Structures are given as structure tokens and as C-alpha cells.
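Please open the structure in your viewer and keep the selection panel at hand.

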Amino acid sequence: MSKYDVSLVSAVEGRKRQILVDLLRQNSELTLGELHQLSRGELGKLLSTITVQDLLGGTAREAAPAAVSRPGRPGRKPVAKAPAESKAKEPAAAPAKAAKGAKAEPAAEVNTRTPSGREAFDQGVFEALKAIGGPAGAGEIQRRVGGTNMQVRSAVNRLIEAGQVTWTGKARGTRYRVA
């Protein structure tokens, strides 16, 4: 699969997800039972990526307690959440760089659910790649900017689509660099 195939598939999946979120918001009379039935069909995989917060449009984050535990996910530690207003005003500090081969610390939480959040995260990924100066894997980028592995890979894919980043290799051997 070429880099264009990967970025196109990623863009299409992201667009499908956003369309489904928009449709669910427009049909707020749906019951949980009806959503459950939908999850058994073609939309099941896509529905499994959507959170209640996505459907509420971010209002849940502002009312969230200081720490949120995620039921049904054993071994997960509570994630500390800062108020939404402070996130918008101050950029998050980059996590300390871990030694090569060391396990990554738990990813710093970033907001990529809004266009402005994605743009800010993409810029952080781009700056990290410039600072690294050579080819870098997603793990190294993640240690510098935070977020999840999927958020980093999605950001890199958007940067590839924009022509700012190139890539070589595949799977775990994929390395990214500034174009």
C-alpha cells in the first residue's frame, strides 16, 4: 500500500466518522437500544470509535471531574483532566524525552477532536520532527509531543497529505521526516 493509499484511507475513515457523529447528533431521539442494534451492523466498527463526549460536542469535558476512570478497561489509570479554558490558552509542555528503547510514559492528553486542536497538535508534531532533524518513528514523536500513538499517526498522515512530511518503511519500521 502506497503512502497515498494510506493517507486517503485515513482521510476517508475520518470523514465517515465525522458524518456518523453529525447524523447521531441530528437524530437525538435514538434510544440506546437502537444504537446497540446499529452497532451490530455495518456501522459497528465506526460506532465503537465514537464517545459520548463526541456526541455532546465537548460540553462533557468542561463538566468532567478532575480524574476520570474508564470502566471496563482494567489496568488503566485515571486520566487527569484540566479545565478546557486553560488548555486553549496555554500549550501543553512536551513530555521529557525517554531513552531510546525505553517504554513510553503514559501519553499526555491532547485534544484532537476539534479542528483547532488537530491543527495545534499537527504543528507540535511538525516542530518535533524539525527538532529531531532526521527520520523518526511515531514512538519518538509521541514521547516529545504526547497524545496517543493513533493521534500521532493521524497527525503525521495529515502532514503527509499537506506535503510537509515524507515517510519511508512500513509497519513498525516507518520513519518520518520533514519534507
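**Before selecting.** The model is a predicted one, in which local features need pLDDT of at least 70, side-chain atom pairs count only at pLDDT 80 or more, and totals for chains, interfaces and linings use all residues. Residues are numbered from 1 along each chain as its sequence is written, and side-chain values use heavy atoms, with hydrogens and water left out.

**Select the whole protein chain.** The chain has 9 helices and 4 strands; these are DSSP runs, numbered from the N terminus, with helices (H or I) of at least four residues and strands (E) of at least two. Along the sequence, the pattern reads α-α-α-α-α-β-β-α-α-α-α-β-β. Of the 179 residues, 23% count as buried, a term for under 20% relative accessible area, with a 1.4 Å probe and protein chains only.

**Select residues 138–145 and 149–161.** These are helices α8 and α9, which pack at an angle of about 105 degrees with their axes 9 Å apart. Each axis is a line fitted to C-alpha atoms over the stretch in contact, and the angle, from 0 to 180 degrees, is taken between N-to-C directions. The two helices are therefore roughly perpendicular to each other, a label for angles of 65 to 115 degrees. On α8 the contact is made by Ala 138, Ile 141, Gln 142 and Val 145, and on α9 by Asn 149, Val 152, Arg 153 and Val 156. Contact means heavy atoms within 4.5 Å.

**Select Val 125, Ile 141, Val 156, Val 165 and Tyr 176.** Within the largest nonpolar core, which has 17 residues, these five have the most contacts. Such a core is a set of buried Ala, Val, Leu, Ile, Met, Phe, Trp, Tyr and Cys residues joined through side-chain atoms within 4.5 Å. Helices α7 (115–132), α8 and α9 each supply at least two residues of this core. Which residues does Ile 141 touch, not counting residues up to four places away in sequence? They are Val 125, Leu 129, Ile 132, Ala 136, Val 152, Val 156 and Tyr 176.

**Select Leu 20, Leu 24, Leu 46 and Ile 50.** These residues are among the 6 of another core, which lies apart from the largest one.

**Select Asn 157.** This residue is found in helix α9. Asn 157 counts as buried because its relative accessibility is 14%. Leaving aside neighbours within four places in sequence, Asn 157 is in contact with Val 6, Ser 7 and Ser 10.

Terms used
Angles under 35 degrees count as roughly parallel, over 145 as roughly antiparallel, 65 to 115 as roughly perpendicular and the rest as oblique. Buried means under 20% relative accessible area, exposed over 50%, partly exposed in between (1.4 Å probe, protein chains only).
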